[in-house]
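Keep the structure open while reading.

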Amino acid sequence: MGTLVILREGSPVTITVNLALNFQWRITMGNNVFTAGTMGKKWAHFIFVADYQKTIPDIAMVVSKFSFDRFDRGSKWATSWNDVVHSVKTLCEKEKCKVALFRLSCHGNQNGFKLGSSVFTEKNKDKWKPEVEKIAKYFDPNVSFVTIDACKTGQNQRLLQFFSEALGGVKVRGYEKNQSGFSTTEENDRGNFITCKVEICQTN
């Protein structure tokens, strides 16, 4: 077990989490909330929800964002990967912090996932990997945990490995089944998943 201090609006709250579970938090927290780890480092938590900019709102994404904002207190719309890069760079440079938890909520299948207009597949990795690498320096391979919250991306192990590699070797998780917009960051209602750290992958 480990103790972390959450700093929210100037009021610190101390909690205890099981670090062996790769930061699978069972508490209410959201993006842009910093934690003080061992060595006094600052950490950020990001949740991005895909904005597909359709005339008719994407109901699944609206529900997903509502769930994150209601139960995790904080998520951001992302029309493309550029929005992610801008948010992470801006916050981490300003606060001199790194990313502890990072979640992308979007549509996907066994071939890949789509965050707004940005498409991530095994076949087009040469296009997206350089873009993802732009924020790799804000991640710590020993701490940072990434979740691809999209349907069936856990069926594509190579894609998760490539994404992990692009972010400097962090752990990246994907789910094997369809995901519900009503799900929160808890893992108990999401079905089987696979977690990859470059070449090494583990299933639950």
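The largest nonpolar core of this predicted model has 42 residues. Trp-81, Val-84, Val-88, Phe-102, Leu-104 and Phe-163 are the members with the most contacts inside this core. In soluble globular proteins, nonpolar side chains tend to be buried together.

Next, turn to helix α3, which spans residues 125-132. Which of its residues are buried? They are Trp-128, Lys-129 and Val-132. Viewed down the axis of α3, these buried residues fall within an arc of 110°, so they line one face of the helix. An α-helix has 3.6 residues a turn, so residues three or four places apart point the same way. Asp-126 and Lys-127 are exposed, on the face of α3 turned away from the buried side. The buried residues of α3 pack against α2 (81-95), β9 (118-121) and α4 (157-166).

Helix α3 also contributes to the second largest pocket, as do α2 and β9; each of these elements gives two or more residues to the lining. The volume of this pocket is about 180 Å³. Its lining consists of Trp-81, Asn-82, Ser-117, Ser-118, Val-119, Phe-120, Asn-124, Lys-127, Trp-128 and Glu-131. By type, these lining residues divide into 4 nonpolar, 4 polar and 2 charged. Trp-81, listed in this lining, is also among the residues with the most contacts inside the largest nonpolar core.

Notes:
Residues numbered from 1 in each chain as written. Predicted model: local features only at pLDDT ≥ 70, side-chain atom pairs only at ≥ 80, totals over all residues. Heavy atoms only, no water. Buried < 20%, exposed > 50% of the residue type's maximum accessible area, 1.4 Å probe, protein only. Helix = DSSP H or I, 4+ residues; strand = E, 2+ residues; numbered from the N terminus. Arc of directions from axis to C-beta. Contact = heavy atoms within 4.5 Å. Core = buried A, V, L, I, M, F, W, Y, C linked by side-chain atoms within 4.5 Å. 1 Å grid on protein atoms, 1.4 Å probe; cavity = no way out; pocket = protein on both sides within 12 Å on 5 of 7 lines; lining within 4 Å. Points joined across faces, edges and corners; volume = space filled by probe spheres on them. Nonpolar A, V, L, I, M, F, W, Y, C, P; charged D, E, K, R; others polar.
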